[in-house]
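Hi,

Here is the structure I promised to pass on.

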Amino acid sequence: MGREEERIAEIESLFRDVNEHIAETAERFDADRASFYCECDDSSCYERVEVPLDDFEEVRGESTHFIVRAGHENERFERILVRQGRYAIVEKVHRAVAAIVARLDPRADTTG
């Protein structure tokens, strides 16, 4: 595995963690949607996408699924599962990147 794959997985996982906190806050206020950070692999991207919390929770059901701004997909490492207006749901298909993001998933069951 190369440094580029590690960097991509770490960036995307960092934004996933930030978005987890945004979702928790939105749920406390009984919101049905929130403005999340794009989870693309560009470390300088701070674009936001409005996503229903139900969709966010569905994406979070899989460690290798992420929400990105439409057009921010990187087909070298992921495939588009769904396009929803201004955002897309992608799945990491690059084996090394998928393994890292799964390991870094805050919702992953680490107890075995």
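Predicted model: local features only at pLDDT ≥ 70, side-chain atom pairs only at ≥ 80, totals over all residues.

Leaving aside its neighbours within four places in sequence, which residues is Lys-92 in contact with? The list is Glu-12, Thr-64, Phe-66, Phe-77, Glu-78, Val-97, Ala-98 and Val-101, where contact means heavy atoms within 4.5 Å.

Residues are numbered from 1 along each chain as its sequence is written, and side-chain values use heavy atoms, with hydrogens and water left out.

Back to Lys-92, which sits in strand 5. Its relative accessibility is 4%, so Lys-92 counts as buried (buried is under 20% relative accessible area, exposed is over 50%, and partly exposed is in between, with a 1.4 Å probe and protein chains only).

Now the overall layout. The chain has 3 helices and 5 strands, and they come in the order α-β-β-α-β-β-β-α along the sequence. These are DSSP runs numbered from the N terminus: helices are H or I with at least four residues, strands are E with at least two. The C-alpha trace spans about 40 × 35 × 25 Å along its principal axes. A compact globule of 112 residues would have a radius of gyration near 13 Å, and the chain has 13 Å, so the two agree (the radius is taken over C-alpha atoms, and the globule rule is 2.2 Å times the number of residues to the power 0.38). Buried residues are 44% of the 112. Of the contacts between residues at least 6 apart in sequence, 49% join residues at least 24 apart.

The helix pair is worth a look. Helix 1 (residues 3-28) and helix 3 (residues 95-103) have axes that come within 9 Å and cross at roughly 35°; axes here are lines fitted to C-alpha atoms over the stretch in contact, with angles from 0 to 180 degrees between N-to-C directions. Helix 1 contributes Glu-5, Glu-6, Ile-8, Ala-9, Glu-12, Ser-13 and Arg-16 to the contact, and helix 3 contributes Ala-96, Val-97, Ile-100 and Val-101. On the helix 3 side, Ala-96, Val-97, Ala-98, Ile-100 and Val-101 are buried. Their cover includes helix 1, strand 3 (65-69) and strand 5 (87-92).

Asp-55 is in helix 2 (residues 53-59). At 22% relative accessibility, Asp-55 counts as partly exposed. Neighbours within four places in sequence aside, Asp-55 is in contact with Gln-84 and Tyr-87. Asp-55 and Ile-22 are 33 residues apart in sequence, and their C-alpha atoms are 14 Å apart in space.

Asp-30 lies in the loop between helix 1 and strand 1 (33-37). Its relative accessibility is 72%, so Asp-30 counts as exposed. The phi of Asp-30 is near 55°, which is a positive value in a residue other than glycine. For background, most residues other than glycine have a negative phi.

Cheers
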